[in-house]
Structure formats: structure tokens, C-alpha cells
Amino acid sequence: MMQFAPPPCPPSSPLFKAFHRGANPSVGVLPDFNPSRPDTLDPEDLDNQPAPGGQRVRTLFISDLHLGTPGCQAEALLAFLKAYPSERLYLLGDIIDGWQLRRRWYWPQSHNDVVQKILKRARKGCKVVFIPGNHDEFARHFTDHHFGGVEVLSEAVHTTLEGKRLWLIHGDHFDGVIQYAKWLAYLGDNLYELTLRLNTHFNSLRAKMGLPYWSLSQYLKHKVKSAVSYVNQFEEAVAAEARQRGHDGVVCGHIHRAEMRTIDGTLYCNDGDWVESLSALVEHTDGRLEVLHWSGQSSRVEAPTSEVQA
Ligand SMILES: [Mn+2]
């Protein structure tokens with residue numbers, strides 16, 4: 001059985017290099033794979049039954065797992081996947097962090113378990129689609145191929161139970177149209193409060209050195225505002241593009257900020273990440289979309305849907 005994950009071997013090995021460079025299909029390293037996947041999920045199958053606290057859903061959207069990095073919360077993700085079996089699973093990019101793996105090989109058992117769990121889902125009738133992101137762009141060489149029942153696509157459209165067409169992308173292609181630095185999006189309120197305190201010490205030191213007051217906090221406040229602005233710009237740009245392409249909405253990842261809101265009549269959903277926020281987007285069996293935040297059990301937060309004018 002083919003795996004879409006990089007093989008658990010050091011970066012120096014030829015197989016690893018082949019995967020990262022883009023293997024030549026003519027040598028049969030990664031051929032088209034047509035799995036004997038059942039057409040529908042068998043709800044009687046034990047693997048398709050939710051772990052206590054969870055429930056079976058129609059569709060599960062996850063992204064930004066960053067497998068292959070110490071930051072990936074693989075155990076939490078595994079527990080979440082067990083709690084939420086689904087008829088469809090969309091992996092919206094940055095699943096495997098090729099950037100970091102190239103620098104340093106990090107592949108613990110739990111990360112392998114996540115990959116195995118995903119492949120098992122595919123075998124058990126779940127339709128699994130993988131849309132590579134910028135951190136696993138090596139997989140973009142393999143779009144329109146199947147690996148172990150996992151379909152690799154550059155983008156996709158999901159039709160909800162209610163018949164809405166959702167455009168599925170990772171989202172990194174919008175970096176170019178957004179002015180603000182990506183790292184700013186990660187700055188949180190706590191960090192900001194800390195800088196306010198730091199600022200006091202910082203300036204008393206400056207005063208002792210005979211230097212004029214310079215507001216570190218004001219400087220950073222501006223930067224944090226820029227971060228908020230970055231997120232808004234990203235969301236609006238993605239929604240506008242989805243609208244222009246004639247879709248009812250969009251589901252993406254990339255900025256590690258789970259969200260579900262309507263922007264100028266277009267539904268914008270971000271399924272979050274499994275590094276910081278441990279969040280996912282689900283479509284329930286009744287067609288309702290919901291952002292889930294995982295905290296060890298089935299911690300569920302109803303995402304408010306608000307109309308925001310761009
Ligand atoms: Mn990304």
C-alpha cells in the first residue's frame with residue numbers, strides 16, 4: 001500500500017529525496033493507485049464509530065497539522081479523529097511540514113499514527129482528499145494522483161448537503177496580495193500585555209542612559225493592529241476570489257485562525273490548525289457547518305456567523 005506521507009527514513013535516503021523532489025512516475029515509485037475503497041461508509045464498522053464524546057459527521061475539514069515538527073499536537077489530533085469519523089475528509093494543506101523535515105528529521109510514532117489513521121479512513125470508505133499547502137508543496141507534484149486511496153488535488157469544490165458549493169484551498173496563494181508580514185498574525189493579546197510591562201522597564205533603563213522615551217508598546221500595538229488587519233485582509237481577499245469564481249463559499253487554512261462568517265454574502269470558513277488552536281471545521285449529518293475547538297474532550301464552540309461588509 002502506498003503512503004502519501006514521506007517514508008519514515010532519514011532525509012539522506014534516496015526514497016526521501018525522491019519524494020521531496022517529485023518522483024518520476026515512469027519509474028513506478030508512486031504510480032496511480034486505484035484502491036478497493038467502498039463507495040460509502042459502513043456505519044456498522046467499528047472504525048467508523050465515534051469514540052465517546054464525539055459523533056459521526058458528514059464532512060471533516062482539517063489543515064495545518066504540520067506533521068514532522070515538534071509543534072504538531074499529534075496525540076490530540078488522533079483523539080479528535082477517533083471522535084469524529086466522517087464520510088469525507090478534506091486535508092487542506094500543511095499536513096506534512098516538508099520545510100522543517102528538510103532541516104531536521106522529526107517523525108515520532110504519533111505522527112506516523114496520524115498518517116496511518118488517515119489511510120485507514122480511506123480504506124474504510126471515507127473519501128479523503130489532500131490539497132497540498134506551502135509547507136507540503138512537494139506534494140503538489142502529485143496532484144491528480146491517488147495514494148493509498150487519498151486523492152491529491154490542487155483545489156476542489158465540496159457540495160454541502162444543502163447544495164452549497166464550497167471552494168477548497170489551502171490559502172497561501174493569497175500571501176502575495178496581502179501587505180502585512182505573516183508572523184504578525186501570530187501575535188496574541190498576552191504577548192501584547194507583556195510588552196506593556198516590558199515597556200515600563202525598558203524606558204526606565206533608557207532614562208538612566210539619558211535617552212528619550214520611546215514607546216515600545218505603541219510600536220507593538222501598531223504591529224498587532226497590523227496583524228488584525230492582515231487576518232481581515234486575508235479573509236476578505238479569499239472570500240472575494242471565491243465569489244468571483246462563482247462559489248457560495250470557501251474553506252481554507254494557512255493562517256491558523258479558525259473562523260466561520262459571511263463576507264458580502266460569501267461564506268468564509270477557516271478550519272484552523274493543529275499546532276496552536278486545535279480546531280477543525282465539520283459538516284454535520286444534517287448539513288450544518290460548525291467550527292470545533294478540541295480540548296481533550298468534545299469541547300464544542302458554536303461559531304457565530306456574522307455579516308461583515310468588506
Ligand atoms: Mn500554510
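Which residues touch the most other members of the largest nonpolar core?

What we have here is a predicted model, so local features are described where pLDDT is at least 70, side-chain atom pairs count only at pLDDT 80 or more, and totals for chains, interfaces and linings use all residues. Residues are numbered from 1 along each chain as its sequence is written.

The protein chain has 6 helices and 13 strands. Of the 310 residues, 35% are buried. Buried means that 20 or more other C-beta atoms lie within 10 Å of the residue's own; 12 or fewer makes it exposed, anything in between is partly exposed, and the C-beta atoms are placed from the backbone.

Now, back to the opening question. The largest nonpolar core has 62 residues, and V250 and V251 touch the most other members. Helix α6, residues 216–244, gives the most to this core, with 6 residues. Such a core is a set of buried Ala, Val, Leu, Ile, Met, Phe, Trp, Tyr and Cys residues joined through C-beta atoms within 7 Å. Beyond its neighbours within four places in sequence, V250 is in contact with several residues, including W167, V238 and Y268. Contact here means that two C-beta atoms, placed from the backbone, lie within 7 Å. Among contacts between residues at least 6 apart in sequence, 70% join residues at least 24 apart.

Let's move on to the sheet. In what order do its 7 strands run? The order is β4-β5-β3-β2-β1-β11-β12, in an open sheet with mixed pairing. At the edges stand β4 (145–147) and β12 (289–293); each has a single partner strand, so one side of each is left without a neighbour in the sheet. On average, neighbouring strands are turned by 25 degrees against each other, direction ignored. Strands count as paired if DSSP finds at least two bridges between them. For β11 (residues 279–283) and β12 there are 5 bridges, in the antiparallel sense, and E283 has L289 in β12 as its bridge partner.

Helix α4 packs on this sheet, where it touches β2 (86–91), β3 (127–130) and β5 (150–152), and its direction makes about 135 degrees with that of β3. For that angle, axes are lines fitted to C-alpha atoms, for helices over the stretch in contact, and the range is 0 to 180 degrees between N-to-C directions.

Let's look inside α4, residues 109–123, where we find I118. Is I118 buried or exposed? I118 is buried, because 24 other C-beta atoms lie within 10 Å. Leaving out residues up to four places away in sequence, I118 touches L89 and V128.

A handy reminder: an α-helix has 3.6 residues a turn, so residues three or four places apart point the same way.

Next, a hairpin. Strands β9 (residues 259–263) and β10 (residues 266–270) run antiparallel and are joined by 5 bridges. M260 stands opposite C269 in β10. There are 2 residues between the strands, and D264 in the turn has a positive phi of about 50 degrees.

Finally, how confident is the predictor? The score is pLDDT, the confidence in each residue from 0 to 100. The chain has a mean of 79, and 73% of its residues reach 70 or more. Over residues 179–186 the pLDDT is below 50, and this stretch has 14 contacts beyond near neighbours in sequence. Residues 298–310 also stay under 50. Where pLDDT is low, the predicted coordinates should not be read in detail.

Key:
Helix = DSSP H or I, 4+ residues; strand = E, 2+ residues; numbered from the N terminus. pLDDT = per-residue confidence, 0-100.
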